[in-house]
Amino acid sequence: MKSIIAAAVLASAICVTGASAQQATQHNKATQSSSTSQKKIWRSGDKLLSPKKYNAVSDYKKKGLKSPGDGQKWVRVDGQYLLITVATGAILSVVTSN
């Protein structure tokens, strides 16, 4: 009787451990795929969706960027500085940051 109970407890422990290991593996795969996703390479003429949600780069002169014109601002996206028109999100210039 004791051996049957011990076997049942052992089988339960193995199932729980296996399920936890499977969940951990799935979590690791999801984390790896999101961290290895490639960043977009922006180009002049592309459009930035929701341009108003991006904060303007205020120290653009320190970054070696030219002054934005009226209705334009510099934003940093995917490691790149983008000069955009605020109204449309059209990208006018792209500078890769270090």
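Trainee: Of the contacts in the protein with a separation of 6 or more, what share is accounted for by residues 24 or more positions apart?

Mentor: The model is predicted, and the share refers to contacts within it. Counting the contacts with a separation of 6 or more, those between residues 24 or more positions apart make up 35%.

Trainee: In what order do the elements of the protein run from the N terminus on?

Mentor: The protein contains one helix and three strands. The helix, α1, covers residues 2-35, and strand β2 covers residues 80-85. Read from the N terminus, the order is α-β-β-β.

Trainee: What percentage of the residues in the protein is buried?

Mentor: A residue counts as buried under 20% relative accessible area. The protein has 98 residues, and the buried ones amount to 21%.

Trainee: How much of the accessible surface belongs to carbon and sulfur atoms?

Mentor: The accessible surface of the protein is about 7,400 Å². The part belonging to carbon and sulfur atoms is 55%.

Trainee: With which residue does D46 form a salt bridge?

Mentor: The structure has two salt bridges. In the one formed by D46, the closest N and O atoms are 4.0 Å apart. D46 is partly exposed because its relative accessibility is 23%, and its partner is K40.

Trainee: Over the ring of which residue does the charged end of K40 sit?

Mentor: K40 has a relative accessible area of 40% and therefore counts as partly exposed. The charged end of K40 lies 4.9 Å from the centre of the ring in question, which is that of W42.

Trainee: What is the N to O distance in the salt bridge of K63 and D59?

Mentor: K63 is partly exposed at 40% relative accessibility, and D59 is partly exposed at 32%. The side chains of K63 and D59 meet with an N to O distance of 3.9 Å.

Trainee: How many aromatic pairs are there?

Mentor: For a pair, ring centres of Phe, Tyr or Trp must lie within 6.5 Å. By this rule, the count of aromatic pairs is zero.

Terms used
Residues are numbered from 1 along each chain as its sequence is written. This is a predicted model: local features need pLDDT of at least 70, side-chain atom pairs count only at pLDDT 80 or more; totals for chains, interfaces and linings use all residues. Side-chain values use heavy atoms; hydrogens and water are left out. pLDDT is the predictor's confidence in each residue, from 0 to 100. Helices (H or I, at least four residues) and strands (E, at least two) are DSSP runs, numbered from the N terminus. Rings of Phe, Tyr and Trp (its six-membered ring) pair if their centres lie within 6.5 Å; planes under 30 degrees apart count as stacked, over 60 as edge-to-face and the rest as tilted. A charge sits over a ring if NZ of Lys or CZ of Arg is within 6 Å of the ring centre and within 35 degrees of the ring normal. Buried means under 20% relative accessible area, exposed over 50%, partly exposed in between (1.4 Å probe, protein chains only). Contact means heavy atoms within 4.5 Å. Accessible areas come from the Shrake-Rupley method with a 1.4 Å probe; for residues, only the protein chains shown count as cover.
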